[in-house]
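Hi,

Here is the structure I promised to send you. Have a look at it first, then read my notes below.

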Amino acid sequence: MGDMAKTEAGTGTGRRVSEARERLLRTAGQLFYAEGIHTVGVDRLVAESKVTNATFYRHFRSKEDLAVAYIGSVDQVIRAQIGSLMAADVPTDGILRGIGASLVEQIRSPGYRGCAFLNAAAEFPDPDHPVHRAVVQHRAWFLQTITGLFAEIAAAQAEHAGRHFVMLRDGAMSAGYLGDPVLAGETLLRGIEGLLRIHTARGLDERAASAPGQGSSPAATVSGIECSPPSA
């Protein structure tokens, strides 16, 4: 209680002030994701964060400013998760599988309500709105990161593979909320495996074509790709 009073009065340390901001951001993240950004008002955010209105507006100019920070916090978590995978001694295809496994875990988690970024974009459809722009920036980074990973396997059509992966991700996150999360997760993993099989074959062709004394070879035909859950 003492720390809270000092924070709200503005007499605490910078660390205490940041604690109030983090508490607001954490509360907003929970409420915005569960109920929607437009649904949750400042009064409720203040009450559930146990701060004053003055503290709120000291850190955020408006609720929309807080919403941008919320999107940014989700973006940072995802960047850190993928960064940890990329920093580990894991082959590139293992990183892509790891991203898929992380998505499946999220889809099947209690309280899952779809993609935070797609939900926010639906609430703020104006492409010039700061929330919408924050969503677009995250998605551009995610696509660039995934495309870069596919390019490490094979340069040919890496952009196509990256876009395909992102579309699989978007579909699975929506289907996991609106339908069966288990089936959505299985479909996502099968789709990723199919992409990796095709793209790995391209990589083998690239290496064979560049080897001394080897001519270009026709693209490998990959069959048996299953992009739906197995039947019972």
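Phe150 is in contact (heavy atoms within 4.5 Å) with Leu96, Ala158, Ala161, Gly162, Phe165, Leu195, Leu196 and His199, leaving aside its neighbours within four places in sequence. Keep in mind that this is a predicted model, where local features need pLDDT of at least 70, side-chain atom pairs count only at pLDDT 80 or more, and totals for chains, interfaces and linings use all residues. Residues are numbered from 1 along each chain as its sequence is written, and side-chain values use heavy atoms, with hydrogens and water left out.

Phe150 is also one of the residues that touch the most other members of the largest nonpolar core, together with Phe32, Ile99 and Phe165. That core has 54 residues; such a core is a set of buried Ala, Val, Leu, Ile, Met, Phe, Trp, Tyr and Cys residues joined through side-chain atoms within 4.5 Å. Buried means under 20% relative accessible area, exposed over 50% and partly exposed in between, with a 1.4 Å probe and protein chains only.

Now find helix H6, residues 92-107 (helices are DSSP runs of H or I, at least four residues, numbered from the N terminus). Its buried residues include Ile95, Leu96, Ile99 and Gly100. Arg190 belongs to helix H10 and counts as partly exposed because its relative accessibility is 25%.

Finally, pLDDT is the predictor's confidence in each residue, from 0 to 100. The chain averages 85, but residues 1-14 stay under 50.

Enjoy exploring!

Technical notes: Helix = DSSP H or I, 4+ residues; strand = E, 2+ residues; numbered from the N terminus. Expected span 1.5 Å × (residues − 1).
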